[in-house]
Amino acid sequence: MAAGLDFGTTNSSIAIVNQQGSVQLAQFPFAGNTTESYRSLLYLERLRETGRLTIKSWSGPDGIERYLAADDKGRLMQSLKSFLSSRSLLTTEVFGRRFELEELVARILRDIREKAERQFGSELRNLVVGRPVRFVGSESRVDDEYAVGRLRTALSKAGFEQVSFEYEPIAAAYHYESTLDHDELILIGDFGGGTSDFSLLEVGPSARKGETRQVIGNEGVPLAGDSFDAKIIRHLVSPALGAGTELDSGGKLLPVPNWVYFKLERWHHLSFLRSRETLAMLNSVARQALEPAKLEALLYLVTHDLGYQLHRAVQSAKVTLSHEERAVFHFVDGDVELNEPVTRAEFEDWIEAELLAIEQAVSSLLENTAVHARDVDRVFLTGGSSFVPAVRAIFERRFGGEKIRTGDEFTSVASGLALRADA
Ligand SMILES: Nc1ncnc2c1ncn2[C@@H]1O[C@H](COP(=O)(O)OP(=O)(O)OP(=O)(O)O)[C@@H](O)[C@H]1O
Ligand SMILES: [Mg+2]
(Lines give C-alpha, C1' and ligand atoms only; values in the text may rest on other atoms or scores of the structure.)
(Ligands and ions follow the chains in the order given, each with its own letter.)
Protein backbone atom coordinates (compact mmCIF):
# COMPACT_ATOMS: atom_id res chain seq x y z
CA MET A 1 0.00 0.00 0.00
CA ALA A 2 1.30 3.46 -0.90
CA ALA A 3 0.71 6.52 1.21
CA GLY A 4 0.96 10.28 0.79
CA LEU A 5 2.87 12.12 3.49
CA ASP A 6 2.88 15.86 4.00
CA PHE A 7 5.76 16.55 6.37
CA GLY A 8 4.94 20.16 7.21
CA THR A 9 6.99 22.70 9.12
CA THR A 10 4.19 22.99 11.69
CA ASN A 11 1.75 20.15 10.94
CA SER A 12 2.07 16.84 9.17
CA SER A 13 -0.61 14.58 7.71
CA ILE A 14 -0.57 11.16 6.13
CA ALA A 15 -3.23 9.60 3.92
CA ILE A 16 -3.99 6.60 1.74
CA VAL A 17 -6.54 5.85 -0.93
CA ASN A 18 -8.71 3.07 0.50
CA GLN A 19 -10.26 0.11 -1.32
CA GLN A 20 -13.39 2.13 -2.06
CA GLY A 21 -11.18 4.60 -3.88
CA SER A 22 -11.53 7.47 -1.46
CA VAL A 23 -8.84 9.35 0.40
CA GLN A 24 -8.51 8.44 4.05
CA LEU A 25 -6.47 10.64 6.36
CA ALA A 26 -4.89 9.13 9.47
CA GLN A 27 -6.48 10.38 12.68
CA PHE A 28 -4.35 11.05 15.72
CA PRO A 29 -5.75 11.15 19.25
CA PHE A 30 -5.15 14.47 20.99
CA ALA A 31 -6.59 15.97 24.17
CA GLY A 32 -9.60 13.66 24.28
CA ASN A 33 -10.33 14.23 20.59
CA THR A 34 -8.75 13.30 17.27
CA THR A 35 -6.91 15.38 14.71
CA GLU A 36 -5.62 14.85 11.18
CA SER A 37 -2.83 17.37 11.85
CA TYR A 38 0.16 15.86 13.60
CA ARG A 39 2.25 18.66 15.09
CA SER A 40 5.73 18.30 13.59
CA LEU A 41 7.49 18.66 16.91
CA LEU A 42 9.86 16.47 18.84
CA TYR A 43 10.21 16.29 22.59
CA LEU A 44 13.19 14.58 24.24
CA GLU A 45 13.73 13.57 27.85
CA ARG A 46 16.58 11.90 29.66
CA LEU A 47 15.32 8.96 31.66
CA ARG A 48 16.87 6.44 33.98
CA GLU A 49 15.72 3.04 32.82
CA THR A 50 16.95 -0.11 34.53
CA GLY A 51 19.82 1.84 35.98
CA ARG A 52 20.96 3.35 32.68
CA LEU A 53 20.43 6.87 31.42
CA THR A 54 18.66 6.88 28.07
CA ILE A 55 17.23 9.61 25.89
CA LYS A 56 13.65 8.99 24.84
CA SER A 57 11.56 10.99 22.43
CA TRP A 58 7.92 11.64 21.68
CA SER A 59 6.48 13.54 18.76
CA GLY A 60 3.22 15.15 17.69
CA PRO A 61 0.32 15.08 20.15
CA ASP A 62 2.17 12.60 22.41
CA GLY A 63 5.12 14.98 22.52
CA ILE A 64 2.88 17.87 23.53
CA GLU A 65 1.17 15.86 26.26
CA ARG A 66 4.40 14.46 27.65
CA TYR A 67 6.00 17.93 27.56
CA LEU A 68 3.08 19.62 29.31
CA ALA A 69 2.93 16.97 32.02
CA ALA A 70 6.67 17.10 32.80
CA ASP A 71 7.74 18.99 35.92
CA ASP A 72 11.32 19.07 34.80
CA LYS A 73 11.07 19.95 31.11
CA GLY A 74 13.23 18.16 28.56
CA ARG A 75 13.89 19.64 25.09
CA LEU A 76 11.07 20.54 22.76
CA MET A 77 11.95 21.20 19.12
CA GLN A 78 9.64 22.84 16.62
CA SER A 79 9.89 23.63 12.89
CA LEU A 80 12.82 21.22 12.36
CA LYS A 81 12.02 21.12 8.63
CA SER A 82 13.44 24.64 8.45
CA PHE A 83 16.94 23.31 9.20
CA LEU A 84 17.04 20.84 6.30
CA SER A 85 18.74 23.27 3.91
CA SER A 86 21.23 24.44 6.54
CA ARG A 87 24.80 23.21 6.23
CA SER A 88 25.62 24.81 9.58
CA LEU A 89 23.23 22.54 11.46
CA LEU A 90 24.49 19.02 10.88
CA THR A 91 24.24 17.79 14.44
CA THR A 92 23.05 19.13 17.75
CA GLU A 93 23.75 18.17 21.32
CA VAL A 94 20.86 17.04 23.49
CA PHE A 95 21.62 15.99 27.07
CA GLY A 96 25.28 15.60 26.17
CA ARG A 97 24.63 13.33 23.18
CA ARG A 98 25.09 14.36 19.53
CA PHE A 99 22.13 13.90 17.24
CA GLU A 100 22.13 14.31 13.49
CA LEU A 101 19.28 16.47 12.25
CA GLU A 102 18.18 13.58 10.02
CA GLU A 103 17.83 11.38 13.10
CA LEU A 104 15.66 13.94 14.89
CA VAL A 105 13.42 14.34 11.84
CA ALA A 106 13.33 10.55 11.40
CA ARG A 107 11.97 10.13 14.91
CA ILE A 108 8.93 12.24 13.99
CA LEU A 109 8.47 10.46 10.67
CA ARG A 110 8.83 6.98 12.20
CA ASP A 111 6.16 7.77 14.80
CA ILE A 112 3.81 8.96 12.05
CA ARG A 113 4.44 5.82 9.99
CA GLU A 114 3.85 3.46 12.89
CA LYS A 115 0.67 5.21 14.01
CA ALA A 116 -0.70 5.28 10.47
CA GLU A 117 0.21 1.61 9.92
CA ARG A 118 -1.72 0.60 13.03
CA GLN A 119 -4.69 2.60 11.87
CA PHE A 120 -4.73 1.48 8.26
CA GLY A 121 -3.83 -2.08 9.25
CA SER A 122 -1.13 -2.27 6.62
CA GLU A 123 2.57 -1.67 6.30
CA LEU A 124 3.41 1.64 4.68
CA ARG A 125 6.75 1.39 2.92
CA ASN A 126 5.97 3.18 -0.33
CA LEU A 127 5.49 6.84 -0.13
CA VAL A 128 4.91 9.98 -2.10
CA VAL A 129 6.11 12.83 0.06
CA GLY A 130 5.69 16.54 -0.41
CA ARG A 131 8.46 19.07 -0.72
CA PRO A 132 8.34 22.84 -0.93
CA VAL A 133 9.46 24.50 -4.13
CA ARG A 134 11.98 26.46 -2.03
CA PHE A 135 13.05 25.27 1.42
CA VAL A 136 13.41 27.70 4.32
CA GLY A 137 16.97 29.06 4.34
CA SER A 138 17.65 27.90 0.78
CA GLU A 139 19.41 30.31 -1.53
CA SER A 140 19.68 28.13 -4.60
CA ARG A 141 18.53 24.97 -6.29
CA VAL A 142 21.62 23.28 -4.93
CA ASP A 143 20.46 24.08 -1.39
CA ASP A 144 17.00 22.71 -2.19
CA GLU A 145 18.45 19.47 -3.53
CA TYR A 146 20.61 19.21 -0.43
CA ALA A 147 17.49 19.58 1.74
CA VAL A 148 15.65 16.93 -0.31
CA GLY A 149 18.61 14.59 0.14
CA ARG A 150 18.47 15.00 3.91
CA LEU A 151 14.73 14.48 3.95
CA ARG A 152 15.28 11.30 1.92
CA THR A 153 17.81 10.10 4.49
CA ALA A 154 15.40 10.86 7.35
CA LEU A 155 12.59 8.99 5.56
CA SER A 156 14.78 5.99 5.03
CA LYS A 157 15.86 5.98 8.69
CA ALA A 158 12.14 6.17 9.54
CA GLY A 159 11.50 2.92 7.66
CA PHE A 160 10.06 4.15 4.36
CA GLU A 161 11.61 2.18 1.54
CA GLN A 162 10.35 3.58 -1.75
CA VAL A 163 10.07 7.31 -1.70
CA SER A 164 9.24 9.79 -4.41
CA PHE A 165 8.83 13.54 -4.05
CA GLU A 166 6.15 15.88 -5.31
CA TYR A 167 5.89 19.64 -4.97
CA GLU A 168 3.45 20.47 -2.19
CA PRO A 169 1.35 22.88 -4.29
CA ILE A 170 1.06 20.28 -7.08
CA ALA A 171 -0.23 17.82 -4.50
CA ALA A 172 -2.81 20.40 -3.42
CA ALA A 173 -3.79 20.67 -7.10
CA TYR A 174 -4.47 16.92 -7.28
CA HIS A 175 -6.72 17.29 -4.27
CA TYR A 176 -8.53 20.27 -5.77
CA GLU A 177 -8.93 18.46 -9.07
CA SER A 178 -10.51 15.35 -7.57
CA THR A 179 -13.95 16.98 -7.49
CA LEU A 180 -13.68 18.89 -10.75
CA ASP A 181 -15.98 18.06 -13.69
CA HIS A 182 -14.38 20.45 -16.19
CA ASP A 183 -10.90 21.61 -17.17
CA GLU A 184 -9.29 24.62 -15.59
CA LEU A 185 -6.02 26.50 -15.69
CA ILE A 186 -5.35 26.84 -12.01
CA LEU A 187 -2.95 28.70 -9.78
CA ILE A 188 -2.34 27.03 -6.43
CA GLY A 189 -0.98 28.96 -3.47
CA ASP A 190 0.02 26.88 -0.45
CA PHE A 191 0.93 28.99 2.58
CA GLY A 192 2.29 26.94 5.46
CA GLY A 193 4.42 27.51 8.51
CA GLY A 194 7.76 27.62 6.71
CA THR A 195 7.15 28.24 3.03
CA SER A 196 4.78 29.72 0.47
CA ASP A 197 4.59 27.71 -2.72
CA PHE A 198 2.91 28.27 -6.06
CA SER A 199 2.11 26.10 -9.05
CA LEU A 200 0.38 26.88 -12.28
CA LEU A 201 -1.14 23.91 -14.09
CA GLU A 202 -4.00 22.47 -16.09
CA VAL A 203 -6.36 20.30 -14.10
CA GLY A 204 -9.63 18.53 -14.81
CA PRO A 205 -11.00 15.47 -16.60
CA SER A 206 -8.75 15.79 -19.69
CA ALA A 207 -5.62 16.26 -17.60
CA ARG A 208 -6.69 13.37 -15.38
CA LYS A 209 -6.53 10.97 -18.33
CA GLY A 210 -2.76 11.30 -18.42
CA GLU A 211 -0.83 9.98 -15.47
CA THR A 212 0.89 13.26 -14.70
CA ARG A 213 -0.38 16.80 -15.10
CA GLN A 214 0.98 19.38 -17.45
CA VAL A 215 2.73 21.71 -15.04
CA ILE A 216 3.25 25.16 -16.47
CA GLY A 217 5.42 26.51 -13.69
CA ASN A 218 6.31 26.54 -10.00
CA GLU A 219 7.58 29.25 -7.72
CA GLY A 220 8.37 29.39 -4.03
CA VAL A 221 9.19 31.84 -1.28
CA PRO A 222 11.01 30.49 1.77
CA LEU A 223 8.77 32.26 4.26
CA ALA A 224 5.25 31.91 5.65
CA GLY A 225 3.50 31.64 9.04
CA ASP A 226 6.70 31.25 11.08
CA SER A 227 7.97 34.52 9.58
CA PHE A 228 4.71 36.23 10.51
CA ASP A 229 5.16 34.88 14.05
CA ALA A 230 8.70 36.27 14.11
CA LYS A 231 7.32 39.74 13.49
CA ILE A 232 4.76 39.36 16.29
CA ILE A 233 7.58 38.35 18.61
CA ARG A 234 9.80 41.21 17.46
CA HIS A 235 7.17 43.91 17.93
CA LEU A 236 5.04 42.56 20.75
CA VAL A 237 6.90 39.99 22.80
CA SER A 238 10.62 40.81 22.75
CA PRO A 239 10.18 44.40 24.00
CA ALA A 240 8.30 43.01 27.02
CA LEU A 241 11.25 40.66 27.60
CA GLY A 242 13.86 43.40 27.56
CA ALA A 243 14.75 43.85 23.87
CA GLY A 244 16.01 47.39 23.30
CA THR A 245 16.68 48.03 27.00
CA GLU A 246 20.07 48.65 28.57
CA LEU A 247 22.36 47.19 31.15
CA ASP A 248 24.86 48.84 33.46
CA SER A 249 28.29 47.31 32.95
CA GLY A 250 30.56 48.90 35.57
CA GLY A 251 29.10 52.36 35.06
CA LYS A 252 28.87 52.01 31.26
CA LEU A 253 25.42 51.72 29.68
CA LEU A 254 25.26 49.01 27.03
CA PRO A 255 22.38 47.61 25.00
CA VAL A 256 21.11 44.18 26.02
CA PRO A 257 22.52 41.68 23.43
CA ASN A 258 20.04 41.48 20.58
CA TRP A 259 21.06 38.12 19.07
CA VAL A 260 19.10 36.38 21.83
CA TYR A 261 15.93 38.01 20.53
CA PHE A 262 16.67 36.95 16.96
CA LYS A 263 16.79 33.34 18.16
CA LEU A 264 13.61 33.86 20.13
CA GLU A 265 11.90 34.92 16.92
CA ARG A 266 12.54 31.62 15.14
CA TRP A 267 10.81 28.49 16.37
CA HIS A 268 13.57 26.24 15.04
CA HIS A 269 16.22 28.18 16.97
CA LEU A 270 14.39 28.81 20.21
CA SER A 271 15.07 25.56 22.06
CA PHE A 272 18.77 25.91 21.17
CA LEU A 273 18.96 29.01 23.39
CA ARG A 274 18.91 26.74 26.41
CA SER A 275 22.64 26.06 26.49
CA ARG A 276 24.76 26.45 29.61
CA GLU A 277 26.69 29.41 28.13
CA THR A 278 23.58 31.30 27.04
CA LEU A 279 21.88 30.77 30.39
CA ALA A 280 24.99 32.02 32.22
CA MET A 281 25.12 35.05 29.93
CA LEU A 282 21.41 35.79 30.48
CA ASN A 283 21.84 35.48 34.24
CA SER A 284 24.63 38.00 34.20
CA VAL A 285 22.67 40.37 31.91
CA ALA A 286 19.64 40.11 34.22
CA ARG A 287 21.81 41.18 37.18
CA GLN A 288 23.06 44.28 35.36
CA ALA A 289 19.84 45.15 33.53
CA LEU A 290 18.18 48.51 34.10
CA GLU A 291 14.83 46.72 33.80
CA PRO A 292 15.68 43.39 35.44
CA ALA A 293 12.10 42.06 35.62
CA LYS A 294 11.95 41.89 31.81
CA LEU A 295 15.22 39.97 31.59
CA GLU A 296 14.13 37.64 34.35
CA ALA A 297 10.98 36.88 32.40
CA LEU A 298 13.16 36.05 29.37
CA LEU A 299 15.39 33.87 31.50
CA TYR A 300 12.35 32.03 32.85
CA LEU A 301 11.05 31.41 29.36
CA VAL A 302 14.38 30.05 28.11
CA THR A 303 15.15 27.99 31.25
CA HIS A 304 11.75 26.31 31.16
CA ASP A 305 11.86 25.83 27.38
CA LEU A 306 8.49 27.50 26.92
CA GLY A 307 8.68 27.62 23.12
CA TYR A 308 5.53 25.55 22.80
CA GLN A 309 3.46 27.87 25.00
CA LEU A 310 4.91 30.91 23.27
CA HIS A 311 4.04 29.43 19.87
CA ARG A 312 0.50 28.73 21.05
CA ALA A 313 0.08 32.28 22.38
CA VAL A 314 1.44 33.87 19.19
CA GLN A 315 -0.67 31.61 16.99
CA SER A 316 -3.78 32.36 19.01
CA ALA A 317 -3.32 36.15 18.56
CA LYS A 318 -2.62 35.62 14.85
CA VAL A 319 -5.70 33.42 14.38
CA THR A 320 -7.86 36.05 16.09
CA LEU A 321 -6.48 38.69 13.73
CA SER A 322 -7.60 36.56 10.78
CA HIS A 323 -11.23 37.21 11.71
CA GLU A 324 -11.17 40.25 14.04
CA GLU A 325 -9.68 43.72 13.72
CA ARG A 326 -7.89 43.45 17.05
CA ALA A 327 -6.51 40.86 19.46
CA VAL A 328 -4.62 40.64 22.73
CA PHE A 329 -1.46 38.60 22.85
CA HIS A 330 -1.82 36.70 26.10
CA PHE A 331 0.88 34.58 27.68
CA VAL A 332 1.01 33.35 31.24
CA ASP A 333 3.32 30.86 32.91
CA GLY A 334 4.58 30.97 36.49
CA ASP A 335 5.20 34.60 37.40
CA VAL A 336 5.44 35.69 33.79
CA GLU A 337 2.33 37.28 32.38
CA LEU A 338 2.19 39.24 29.15
CA ASN A 339 -0.89 40.97 27.77
CA GLU A 340 -0.18 43.00 24.68
CA PRO A 341 -2.94 44.42 22.48
CA VAL A 342 -2.43 44.37 18.72
CA THR A 343 -4.54 45.46 15.75
CA ARG A 344 -4.77 43.80 12.37
CA ALA A 345 -3.47 47.00 10.77
CA GLU A 346 -0.31 46.87 12.93
CA PHE A 347 0.23 43.20 12.13
CA GLU A 348 -0.12 43.88 8.41
CA ASP A 349 2.39 46.67 8.73
CA TRP A 350 4.90 44.35 10.43
CA ILE A 351 4.60 41.69 7.71
CA GLU A 352 4.75 44.11 4.79
CA ALA A 353 8.09 42.77 3.49
CA GLU A 354 6.80 39.18 3.58
CA LEU A 355 3.59 40.13 1.76
CA LEU A 356 5.64 41.93 -0.87
CA ALA A 357 7.86 38.86 -1.36
CA ILE A 358 4.74 36.72 -1.87
CA GLU A 359 3.30 39.20 -4.34
CA GLN A 360 6.58 39.30 -6.28
CA ALA A 361 6.72 35.51 -6.45
CA VAL A 362 3.26 35.46 -8.03
CA SER A 363 4.40 38.09 -10.53
CA SER A 364 7.51 36.14 -11.49
CA LEU A 365 5.51 32.94 -11.91
CA LEU A 366 3.16 34.70 -14.34
CA GLU A 367 6.01 36.45 -16.15
CA ASN A 368 8.21 33.36 -16.44
CA THR A 369 5.36 31.30 -17.84
CA ALA A 370 3.95 34.11 -19.99
CA VAL A 371 0.51 33.47 -18.55
CA HIS A 372 -1.74 36.46 -18.04
CA ALA A 373 -3.76 36.78 -14.83
CA ARG A 374 -7.00 36.90 -16.86
CA ASP A 375 -6.21 33.48 -18.39
CA VAL A 376 -6.10 31.83 -14.98
CA ASP A 377 -9.53 30.27 -14.39
CA ARG A 378 -9.20 29.64 -10.66
CA VAL A 379 -6.91 30.37 -7.76
CA PHE A 380 -6.92 27.77 -5.01
CA LEU A 381 -5.44 28.98 -1.72
CA THR A 382 -4.62 26.45 0.94
CA GLY A 383 -2.34 25.91 3.99
CA GLY A 384 -2.86 27.47 7.43
CA SER A 385 -1.39 30.85 6.53
CA SER A 386 -3.87 31.30 3.68
CA PHE A 387 -6.31 32.35 6.43
CA VAL A 388 -4.39 35.62 6.80
CA PRO A 389 -6.66 38.22 5.14
CA ALA A 390 -3.70 40.21 3.77
CA VAL A 391 -2.43 37.08 2.01
CA ARG A 392 -5.83 36.45 0.41
CA ALA A 393 -6.07 40.11 -0.57
CA ILE A 394 -2.98 39.78 -2.80
CA PHE A 395 -4.87 37.27 -4.95
CA GLU A 396 -8.18 39.09 -4.82
CA ARG A 397 -6.49 42.22 -6.19
CA ARG A 398 -4.63 40.34 -8.87
CA PHE A 399 -7.23 37.82 -10.07
CA GLY A 400 -10.56 39.11 -8.76
CA GLY A 401 -12.38 37.71 -5.74
CA GLU A 402 -14.71 35.55 -7.85
CA LYS A 403 -11.81 33.35 -8.99
CA ILE A 404 -10.61 32.52 -5.49
CA ARG A 405 -11.34 29.17 -3.90
CA THR A 406 -10.11 28.14 -0.47
CA GLY A 407 -10.39 25.07 1.68
CA ASP A 408 -8.98 21.96 3.32
CA GLU A 409 -6.21 24.21 4.58
CA PHE A 410 -4.48 21.54 6.65
CA THR A 411 -5.13 18.40 4.63
CA SER A 412 -5.19 19.24 0.92
CA VAL A 413 -1.49 18.46 0.42
CA ALA A 414 -1.60 15.05 2.12
CA SER A 415 -4.82 14.14 0.27
CA GLY A 416 -3.28 15.07 -3.06
CA LEU A 417 -0.12 13.12 -2.26
CA ALA A 418 -2.24 10.05 -1.48
CA LEU A 419 -4.01 10.40 -4.85
CA ARG A 420 -0.61 10.73 -6.49
CA ALA A 421 0.65 7.64 -4.67
CA ASP A 422 -2.40 5.71 -5.86
CA ALA A 423 -2.06 6.74 -9.52
N1 LIG B 1 -6.53 31.04 11.26
C2 LIG B 1 -5.24 31.28 11.00
N3 LIG B 1 -4.80 32.52 10.70
C4 LIG B 1 -3.50 32.75 10.44
N5 LIG B 1 -2.55 31.81 10.47
C6 LIG B 1 -2.93 30.55 10.75
C7 LIG B 1 -4.28 30.22 11.04
N8 LIG B 1 -4.35 28.90 11.30
C9 LIG B 1 -3.09 28.41 11.19
N10 LIG B 1 -2.23 29.40 10.87
C11 LIG B 1 -0.78 29.29 10.64
O12 LIG B 1 -0.58 28.37 9.58
C13 LIG B 1 0.72 27.77 9.73
C14 LIG B 1 0.59 26.28 9.62
O15 LIG B 1 0.00 25.95 8.40
P16 LIG B 1 0.23 24.53 7.74
O17 LIG B 1 -0.14 23.46 8.67
O18 LIG B 1 -0.44 24.58 6.41
O19 LIG B 1 1.82 24.58 7.55
P20 LIG B 1 2.82 23.36 7.28
O21 LIG B 1 2.25 22.52 6.20
O22 LIG B 1 3.15 22.70 8.55
O23 LIG B 1 4.13 24.15 6.80
P24 LIG B 1 4.92 24.11 5.40
O25 LIG B 1 3.95 23.74 4.33
O26 LIG B 1 5.45 25.51 5.25
O27 LIG B 1 6.01 23.13 5.60
C28 LIG B 1 1.24 28.20 11.09
O29 LIG B 1 2.16 29.26 10.91
C30 LIG B 1 -0.01 28.68 11.79
O31 LIG B 1 0.27 29.65 12.79
MG1 LIG C 1 2.31 22.62 4.17
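Begin by selecting S82, which is found in the loop between β9 (75-77) and β10 (91-94). Helices (H or I, at least four residues) and strands (E, at least two) are DSSP runs, numbered from the N terminus. The model is predicted: local features need pLDDT of at least 70, side-chain atom pairs count only at pLDDT 80 or more, and totals for chains, interfaces and linings use all residues. Residues are numbered from 1 along each chain as its sequence is written, chains are lettered from A and ligands numbered from 1 in the order in which they are written, and side-chain values use heavy atoms, with hydrogens and water left out.

S82 has a relative accessibility of 6% and therefore counts as buried. Buried means under 20% relative accessible area, exposed over 50%, and partly exposed in between (1.4 Å probe, protein chains only). Next, display the residues around S82: apart from residues up to four places away in sequence, S82 touches T9, V136, D226 and H268. Contact here means heavy atoms within 4.5 Å. A distance may also be drawn from S82 to A147, 65 residues apart along the chain; their C-alpha atoms are separated by 9.3 Å.

Neighbours within four places in sequence aside, the contacts of D226 include T9, S82, G193 and W267. For another distance, select R276: it is 50 residues from D226 in sequence and 26 Å from it in space, C-alpha to C-alpha.

Then select the whole of α6, residues 225-237. Of its 13 residues, 11 are buried, so the helix is largely enclosed by the rest of the structure. Among these buried residues are F228, I232, I233 and L236.

The following stop is S37, in the loop between β5 (33-35) and β6 (38-39). S37 is buried, with a relative accessible area of 16%. It touches N11, S12, S13 and F410, residues up to four places away in sequence not being counted.

Finish at D375, in the loop between α13 (352-369) and β21 (378-382). D375 is partly exposed, its relative accessible area being 42%.
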